[in-house]
Amino acid sequence: MKRKITGLLLLTLSALLINTAAALNIREPFLCASIQVNECIDGRSCDPVLAEDVNAPTFFRVDVKDREIEVYRNAPPSKVLAQTEVEGRLVLSGAEDGNDQQPDGTGWTLSIEQDTGRFVLAATVLQGAIVVFGACTEI
């Protein structure tokens with residue numbers, strides 16, 4: 001009986017590991033979550049911060065087909081200006097104009113590992129950057 005339970009447990013764990021390691025389907029919209037956010041200032045080091053402290057998204061939706069990234073439901077999506085696949089990574093980039101609350105515009109690049117869904121997002125502003133590490137999954 002103990003062998004059956006151990007075997008069943010190993011089979012279940014193996015199935016979970018296989019499912020979590022499945023490649024991300026980039027042909028359909030997917031959801032990304034920020035795990036670690038860092039603020040980097042020219043002449044200083046990078047420091048960990050909360051996403052909301054630097055106006056970084058906690059979650060965002062990526063639609064490769066429509067070339068859009070939706071951060072807030074009540075705001076227009078960010079347009080993907082460039083998109084390419086490099087050695088198993090999907091690389092998207094774009095730029096946003098500043099506004100009255102944030103006069104400095106930003107350029108950004110999002111690099112997603114297609115086999116694991118893990119990502120790095122870098123958003124640059126005048127003499128600074130926000131670097132976000134996280135993971136994406138199918139919706």
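This is a chat about a predicted model of one protein chain.

Colleague: Which elements does the protein chain have?

Modeller: The protein chain has one helix and ten strands. From the N terminus on, the order is α-β-β-β-β-β-β-β-β-β-β. Keep in mind that the model is predicted.

Colleague: How much of the protein chain counts as buried?

Modeller: Of its 139 residues, 28% count as buried. The accessible surface of the protein chain is about 9,500 Å². Carbon and sulfur atoms account for 56% of that surface.

Colleague: And what share of the contacts join residues at least 24 apart?

Modeller: That share is 44%, counted among contacts between residues at least 6 apart in sequence.

Colleague: Let's go to the strands. How do strand 1 and strand 2 run?

Modeller: They run antiparallel. Four bridges join strand 1 to strand 2, which covers residues 46-49. Strand 1 covers residues 30-41.

Colleague: Which residue is the bridge partner of C40?

Modeller: C46, in strand 2.

Colleague: How many residues sit between the strands in that hairpin?

Modeller: Four residues lie between strand 1 and strand 2. In this hairpin, G43 takes a positive phi near 85°.

Colleague: What does D47 form with R44?

Modeller: A salt bridge. The closest N and O atoms of D47 and R44 are 3.9 Å apart. R44 counts as exposed, at 57% relative accessibility. D47 is partly exposed, with a relative accessible area of 31%.

Colleague: How many salt bridges does the structure hold?

Modeller: Five. As a rule, side chains of opposite charge can pair when their charged atoms come close.

Colleague: Which residue does R27 meet in a salt bridge?

Modeller: R27 meets E85, at 3.8 Å from N to O. This pair links distant parts of the chain, 58 residues apart. R27 is in the loop between helix 1 (2-20) and strand 1. E85 is in strand 6, residues 82-86.

Colleague: Is R27 buried or exposed?

Modeller: R27 is exposed, because its relative accessible area is 53% and exposed means over 50%. E85 counts as partly exposed, at 44% relative accessibility.

Colleague: Which residue forms a salt bridge with K79?

Modeller: E68 does, with the closest N and O atoms 2.7 Å apart. That pair also links distant parts of the chain. K79 is in strand 5 and E68 is in strand 4, eleven residues apart. K79 counts as partly exposed at 45% relative accessibility. E68 is partly exposed too, with a relative accessible area of 23%.

Colleague: Which residues are linked in a network of salt bridges?

Modeller: R61, D63 and E70.

Colleague: Back to strand 4 and strand 5. Which residue lies in the loop between them?

Modeller: P77 lies in that loop, between strand 4 (68-70) and strand 5 (78-79).

Colleague: What is P77 in contact with?

Modeller: Leaving aside neighbours within four places in sequence, P77 is in contact with E68, I69 and E70. E68 is the salt-bridge partner of K79. E70 belongs to the network with R61 and D63.

Colleague: How far apart in space are P77 and R67?

Modeller: They are 9.5 Å apart, C-alpha to C-alpha. In sequence they are ten residues apart. P77 is partly exposed, with a relative accessible area of 33%.

Colleague: New topic. How many aromatic pairs does the structure hold?

Modeller: One. F60 and F119 form an edge-to-face pair. Their centres are 5.4 Å apart, with 70° between the planes. This pair links distant parts of the chain, 59 residues apart. F60 is in strand 3 (residues 59-63), and F119 is in strand 9 (residues 118-125).

Colleague: Why does F60 count as buried?

Modeller: F60 is buried because its relative accessible area is 3%, and buried means under 20%. F119 is buried as well, with a relative accessible area of 3%.

Colleague: Last one. Which residues form a nonpolar patch on the surface?

Modeller: L31, F59 and I139 form that patch. Together they have about 320 Å² of accessible area. L31 is in strand 1. L31 is partly exposed, with a relative accessible area of 33%.

Notes
Residues are numbered from 1 along each chain as its sequence is written. This is a predicted model: local features need pLDDT of at least 70, side-chain atom pairs count only at pLDDT 80 or more; totals for chains, interfaces and linings use all residues. Side-chain values use heavy atoms; hydrogens and water are left out. Patches are made of residues with over 30% relative accessible area and no salt bridge: like charges are joined within 9 Å, nonpolar side chains (Val, Leu, Ile, Met, Phe, Trp, Tyr) within 5 Å. Accessible areas come from the Shrake-Rupley method with a 1.4 Å probe; for residues, only the protein chains shown count as cover. A salt bridge is a side-chain nitrogen of Lys or Arg within 4 Å of a carboxyl oxygen of Asp or Glu. Helices (H or I, at least four residues) and strands (E, at least two) are DSSP runs, numbered from the N terminus. Buried means under 20% relative accessible area, exposed over 50%, partly exposed in between (1.4 Å probe, protein chains only). Rings of Phe, Tyr and Trp (its six-membered ring) pair if their centres lie within 6.5 Å; planes under 30 degrees apart count as stacked, over 60 as edge-to-face and the rest as tilted. Two strands pair if DSSP finds at least two bridges between them. Contact means heavy atoms within 4.5 Å.
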